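Reader: I have a structure open and would like to go through it with you. Could you take my questions one at a time?
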Protein chains: 2
Amino acid sequence: MSKLLPPDDLIAQLARAGREAQRALGRMSHDAKAQALRVAAAALRKAEAEVLAANAEDLAAGEASGLSPAMLDRLMLDSWRLAAIADAVENVADLADPVGQEIERSTRPNGLVLSRVRVPVGLIGIIYESRPNVTADAAALCVASGNAVLLRGGSEAVRSNRAIHAALVRGLTAAGIPAAAVQLVPTQDRAAVGAMLTAAGLIDMIVPRGGKSLVARVQADARVPVLAHLDGINHTYIHAAADPAKAIQIAINAKLRRTGVCGAMETLLLDAQFPAAPAVVAALLDSGCELRGDARARALDPRIGPASAEDWDTEYLDSVLSVAVVDGLDAALAHIAAHGSQHTEAIVSEDETAVERFLSEVDSAIVMANASTQFADGGEFGLGAEIGIATGRLHARGPVALEGLTTYKWLVRGTGQIRP
Amino acid sequence: MSKLLPPDDLIAQLARAGREAQRALGRMSHDAKAQALRVAAAALRKAEAEVLAANAEDLAAGEASGLSPAMLDRLMLDSWRLAAIADAVENVADLADPVGQEIERSTRPNGLVLSRVRVPVGLIGIIYESRPNVTADAAALCVASGNAVLLRGGSEAVRSNRAIHAALVRGLTAAGIPAAAVQLVPTQDRAAVGAMLTAAGLIDMIVPRGGKSLVARVQADARVPVLAHLDGINHTYIHAAADPAKAIQIAINAKLRRTGVCGAMETLLLDAQFPAAPAVVAALLDSGCELRGDARARALDPRIGPASAEDWDTEYLDSVLSVAVVDGLDAALAHIAAHGSQHTEAIVSEDETAVERFLSEVDSAIVMANASTQFADGGEFGLGAEIGIATGRLHARGPVALEGLTTYKWLVRGTGQIRP
């Protein structure tokens, strides 16, 4: 029985089965994969009773063990949420398939025809917390891009995840995808997570989905490449030449539309030459946002409290915002370089030169002009879905969807060429 | 003095200086970087006397410490080799600059204009052995792609590397590039290598250049992403429908043109239905190659010795080749999946269907049809140069040149959009 295997052996066994399944999956056409995802979505809808029953058990156990209302809400499924999960699987089926796409092609003087084509990464490990929708979302994105996936969800959602996984696999296998293409780690032993993180050569990439402590642990311990972001300490810089109405609208939206998302603004940089700075801070304060400022920011409004040194490096994920007054674009760039997390930064300005310098010089995964940082999202970027947002520098940055789950290989077509 | 710092602190200090310099370098135009590389090449030519004197000292020390003739040859510089190094720097200056290239652009229904543009990776660490040309080659590729570089060469070449580095930096700084953009680790303490490998967040990518033991150590110990290949166990599969003349030519070239390069063929797979198999093995044997075969291969020619189980997983880098007879394309694919190192594989066949299946299903960085595996090289691919060949799956695969030393960021240009 696989549950009796030590975690390293268990993960190795699952990974080998996943890699084997991926070889078949990677050869399937877009239509076959899309059709399988539609069958899986239908199977998920059909399994509503068993998924909701499993979820009710998770919720009861979560209440008994004292999970917070926020945690219970993340865990909770109802007919509407389950239908949305199935819809999302169908939406992924409709996305353009990057696998097989030719990135470039050239012919060498000796007649060799070179091309680079996109291929699946291989086996993706997903380590996540209490949201059972990740089970279906991640599985769909991986299958659509020809990758096998090894899912390891949180203990709180174990029954829900098993029910969702079972339904998906029923659908996928009925449509000809090997069951091992989408596997759920069958134990909640935490050592299995460690085994996944160190399975270099067996798992090609790990995507953690969850809170900062999960991501930090994964980044610290992983020997497998990790696609993730730890922080979203996102800045909005209101330049001297900003349009005041846009500045107010964007600041309110960037901070307060949803405070708990990774694209939320966490620091507002106000140019000392921006005349409407008091109106921006007043609008935020009037909307119920707590502001913590440096001395010059506090001079703008008596309701602004003092910022400590740590505030500039804090992702609040709440109705709290740090505010600094800066002397021009260079000072804003320096503040961002010192305190940013390379996630998303924005400038508000009608000055094209300032905008283009900001876009060029800020070294973040996403750099915006005259828009709310809350647009940092794969769906908003037109990617259809996202497996996550990456702030690392290699492979893929920003919202990562199907293309970020592929790599490429070089094809060389010759007619007998040998190298002189 | 920096030499008195503990290795971790020394590397952190160098890395911070490199990152700071990179911010300036990353903003420089292609023309400015190209011009600086030309000035650096000229400075290197001008420093011939001091570089060759330093190299003579390295050679004398190497002879005294008993370096092998092959090692001494790798270390040796003369006027001709130094001129070739300077030429290579100039060639890199002439390459197209990927930085700033727009990968894609789209406009969202809400009017946001999204684009992805290439940006430098940041700070690249190069860890290499006795070839002093790597000092100049790697520095040129990094500077051309807007990256700072931290070089750590082998002890045998320390005087040569210092002289080459000093000349390059004289040229680069004269042309306005900060000296810290190209730094040579000023100690041969091996702990400095360990400090580089664990400098996550300070060094963005490590490229090892050298033998298998160096690469293995770097891959085992690195916490920073590594771009490398450990093995090149490259297969050539001669399909039943191969043209016999091409099969012979390609097999001889793939194995024997240069046996010590990573693109050399190490295993020959002969289809059981290929009629001219005896002629292929005879041509290899007659050219002085030792063949080690399975039972069916040995039946083709009495001069073929027996292959042990390890032979199928061995990169000989010598005039030795393992030979197996396989039953058709699927058996060839299975052999490659079991024993390949995902570097370079080739099929020889006039059957278009077999060729395309091979190209599609072999999961290697480079897959060739009717060509010698010895074409696995950045120069032969038209990349102008290469920082290395990568067999990992993420970021970049195969020959890696300037584009592989870049990543991208998302730019979002709005007119005041907020997210509903």
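Reader: Which helix holds Ala34(A)?
Author: In this predicted model, Ala34(A) belongs to helix H2 of chain A, which covers residues 30-46.

Reader: Is Ala34(A) buried or exposed?
Author: Ala34(A) is buried, because it has 20 C-beta neighbours inside 10 Å, and the cut-off for a buried residue is 20 or more.

Reader: And how far apart are Ala34(A) and Val92(A) in space?
Author: Their C-alpha atoms are 8.0 Å apart, while 58 residues separate Ala34(A) and Val92(A) in sequence.

Reader: Turning to the core, how many residues has the largest nonpolar one?
Author: The largest nonpolar core has 288 residues. Those with the most contacts inside it are Leu44 and Val143, in chain A and in chain B.

Reader: What does Val143(A) touch?
Author: Leaving aside residues up to four places away in sequence, Val143(A) touches Leu25(A), Lys33(A), Ala36(A), Leu37(A), Leu172(A), Ile177(A), Ala181(A) and Val182(A).

Reader: Now the sheets. What is the strand order in the open sheet of four strands in chain A?
Author: The order is E5-E4-E3-E6 (chain A), and the pairing is parallel. Strand E5 (182-184) and strand E6 (205-209) of chain A are the edge strands, each of which pairs on one side only. On average, neighbouring strands of this sheet are turned by 20° against each other, direction ignored.

Reader: How many bridges join E4(A) to E5(A)?
Author: Three bridges connect strand E4 (residues 148-152) of chain A with E5(A), and the two run parallel. Leu151(A) stands opposite Leu184(A) in E5(A).

Reader: Which helix lies across E3, E4 and E5 of chain A?
Author: Helix H1 (residues 7-25) of chain A does, running at about 145° to E4(A). Helix H7 (residues 158-174) of chain A also packs on the sheet, where it touches E4 and E5 of chain A. The direction of H7(A) makes about 160° with that of E5(A).

Reader: What about the open sheet of four strands in chain B, what is its order?
Author: The strands follow the order E5-E4-E3-E6 (chain B), with parallel pairing. Strand E5 (182-184) and strand E6 (205-209) of chain B each have a single partner strand, so one side of each has no neighbour in the sheet. From one strand to the next, the twist averages 20°.

Reader: How many bridges pair E3(B) with E6(B)?
Author: Strand E3 (residues 123-128) of chain B and E6(B) pair over five bridges in the parallel sense. The bridge partner of Tyr128(B) in E6(B) is Arg209(B). Helix H1 (residues 7-25) of chain B packs on this sheet, touching E3, strand E4 (148-152) and E5 of chain B, and its direction makes about 145° with that of E4(B).

Reader: Staying in chain B, at what angle do H5(B) and H6(B) pack?
Author: Helix H5 (residues 79-93) of chain B and helix H6 (residues 133-144) of chain B pack at about 10°, with their axes 9 Å apart. H5(B) is therefore roughly parallel to H6(B).

Reader: Which residues make that contact?
Author: From H5(B) they are Ile85(B), Ala88(B), Val89(B), Val92(B) and Ala93(B). H6(B) gives Asn133(B), Ala136(B), Asp137(B), Ala140(B), Leu141(B) and Ala144(B). By class, the residues of this contact are nine nonpolar, one polar and one charged.

Reader: Back to chain A: how many bridges pair E9(A) with E11(A)?
Author: Strand E9 (residues 290-293) and strand E11 (residues 320-326) of chain A pair over four bridges, in the parallel sense. Arg292(A) has Ser322(A) as its bridge partner in E11(A). Two bridges also join E9(A) to strand E10 (residues 305-306) of chain A, again parallel.

Reader: Finally, the contact between the chains. How many residues does each chain give?
Author: Chain A contributes 50 residues and chain B contributes 50 residues. On the side of chain A, the largest share, eleven residues, comes from E16(A). That side has 21 nonpolar, 16 polar and 13 charged residues.

Reader: Which strand of chain B does E16(A) pair with?
Author: E16(A) pairs with strand E13 (residues 366-371) of chain B, over five bridges and in the parallel sense. Val412(A) stands opposite Met368(B) in E13(B).

Definitions and conventions: Residues are numbered from 1 along each chain as its sequence is written. Chains are lettered from A and ligands numbered from 1 in the order in which they are written. This is a predicted model: local features need pLDDT of at least 70, side-chain atom pairs count only at pLDDT 80 or more; totals for chains, interfaces and linings use all residues. Two strands pair if DSSP finds at least two bridges between them. Axes are lines fitted to C-alpha atoms, for helices over the stretch in contact, and angles run from 0 to 180 degrees between N-to-C directions. Two residues are in contact if their C-beta atoms, placed from the backbone, lie within 7 Å. Angles under 35 degrees count as roughly parallel, over 145 as roughly antiparallel, 65 to 115 as roughly perpendicular and the rest as oblique. Ala, Val, Leu, Ile, Met, Phe, Trp, Tyr, Cys and Pro count as nonpolar, Asp, Glu, Lys and Arg as charged, and the others, Gly among them, as polar. A nonpolar core is a set of buried Ala, Val, Leu, Ile, Met, Phe, Trp, Tyr and Cys residues joined through C-beta atoms within 7 Å. A residue is buried if 20 or more other C-beta atoms lie within 10 Å of its own, exposed if 12 or fewer, and partly exposed in between; C-beta atoms are placed from the backbone.
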